[in-house]
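Here is a short note to read alongside the structure. Please keep the view open and find each residue as it comes up.

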Amino acid sequence: MCEKAAFDFRNPYPYLVVNIGSGVSILAVRGPNNYKRVSGTSVGGGTFLGLCCLLTGCETFEEAIRLASQGDSTHVDKSVRDIYGGDYEKFQLTGNTVASSFGLMNMAERRDMATKCDLAKATLTTITNNIGSIARMCAVTEKIERVVFVGNFLRVNTISMKLLASAMEYWSKGATKALFLEHEGYFGAMGCLMEYMRC
């Protein structure tokens, strides 16, 4: 269960900005006029929507998110538990950690069981986990502990915000903070900075 809370950003520097649109661009910001692009990926919101349209027949981003909100990605993704029968304690991996995105779809019976909602959720989880991994690596490389996620991909997408918050908290052992600009209205006007806590 996640709890949304406002975040005090009066002394912000340094921080990363992870701008998730059709693709992803990541900037390290160290001052008002001191910033640089440090990484990015072509795997972003456009990838999610394109794959969802192919896999589910949906036509809009909102429809894809609605499908994902009703799905279960564990019907599609192979987990650590599927491989090892439980947790993999040597590397501190819980049994429900995704070991292979879409890894169960090589079996005909699993494909027959997976719903459009499951496929949408697995697609969203795959894209979000990829973005989170890249953001985490950039944070470590740049020695920055605050990561601000923005962009139209997050406008009606609390699923990804919660996944990103949980992943950043878990993999950094609490050192890296995932922050989000709260989006308002259809066109995603951005309001206060907030975080998801205790995911």
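Which residues does L164 touch, not counting residues up to four places away in sequence?

1. L164. The answer is I20, T128, G132, F149, L154, A178 and F180. Please bear in mind that this is a predicted model. L164 is placed in helix α6, which spans residues 158–171. L164 counts as buried because its relative accessibility is 2%, and the cut-off for buried is under 20%. One of the listed residues, G132, is 32 residues away from L164 in sequence, yet the two C-alpha atoms are 5.8 Å apart in space.

2. The protein overall. The secondary structure consists of six helices and nine strands. The protein has 199 residues, and 43% of them count as buried. Take the contacts with a separation of 6 or more: 61% of these join residues 24 or more positions apart.

3. Strand β7. This strand covers residues 146–150, and five of its five residues are buried. As background, side chains in a regular strand alternate between the two faces of the sheet. In β7 both faces are covered: R146, V148 and V150 are buried on one side, and V147 and F149 are buried on the other. F149 is also among the residues that L164 touches.

4. The partner of β7. Strand β2, residues 15–20, pairs with β7 in the parallel sense, over four bridges. At one of the positions to check, N19 has V150 of β7 as its bridge partner.

5. N157. This residue lies in the loop between β7 and α6. Is N157 buried or exposed? N157 is buried, because its relative accessible area is 0% and anything under 20% counts as buried. The side chain of N157 makes a polar contact of 2.9 Å with the side chain of S160. Setting aside residues up to four places away in sequence, N157 touches I65 and L124.

6. I159. Helix α6 also holds I159. Its relative accessibility is 18%, so I159 counts as buried; the cut-off is under 20%. Apart from neighbours within four places in sequence, I159 is in contact with I65, A68, S69, K121 and L124.

7. T56. Helix α1 runs over residues 45–56, and T56 is found in it. T56 is buried, with a relative accessible area of 6%. What lies around its side chain? A polar atom of the T56 side chain is 2.7 Å from the backbone oxygen of C52. A polar atom of that side chain is also 3.2 Å from the backbone nitrogen of C58. Neighbours within four places aside, T56 is in contact with L67, K116, L119 and A120.

8. The largest pocket. This pocket holds about 770 Å³ of space. Its lining consists of 27 residues, and T97, V98, N129, A167 and W171 are the ones nearest its centre. The elements giving two or more residues to this lining are α5, residues 116–142, and α6. Helix α6 is also where L164 and I159 are placed.

Conventions. Residues are numbered from 1 along each chain as its sequence is written. This is a predicted model: local features need pLDDT of at least 70, side-chain atom pairs count only at pLDDT 80 or more; totals for chains, interfaces and linings use all residues. Side-chain values use heavy atoms; hydrogens and water are left out. Buried means under 20% relative accessible area, exposed over 50%, partly exposed in between (1.4 Å probe, protein chains only). Contact means heavy atoms within 4.5 Å. Two strands pair if DSSP finds at least two bridges between them. A polar contact is a pair of N or O atoms within 3.5 Å; within protein, one must be able to donate a hydrogen and the other to accept it, and residues adjacent in sequence count only if both atoms are side-chain atoms. On a 1 Å grid over the protein atoms alone, a cavity is a set of points where a 1.4 Å probe fits but cannot get out, and a pocket is an open set with protein on both sides within 12 Å along at least five of seven lines; lining residues have an atom within 4 Å of a point. Grid points are joined across faces, edges and corners, and a volume is the space filled by probe spheres set on the points.
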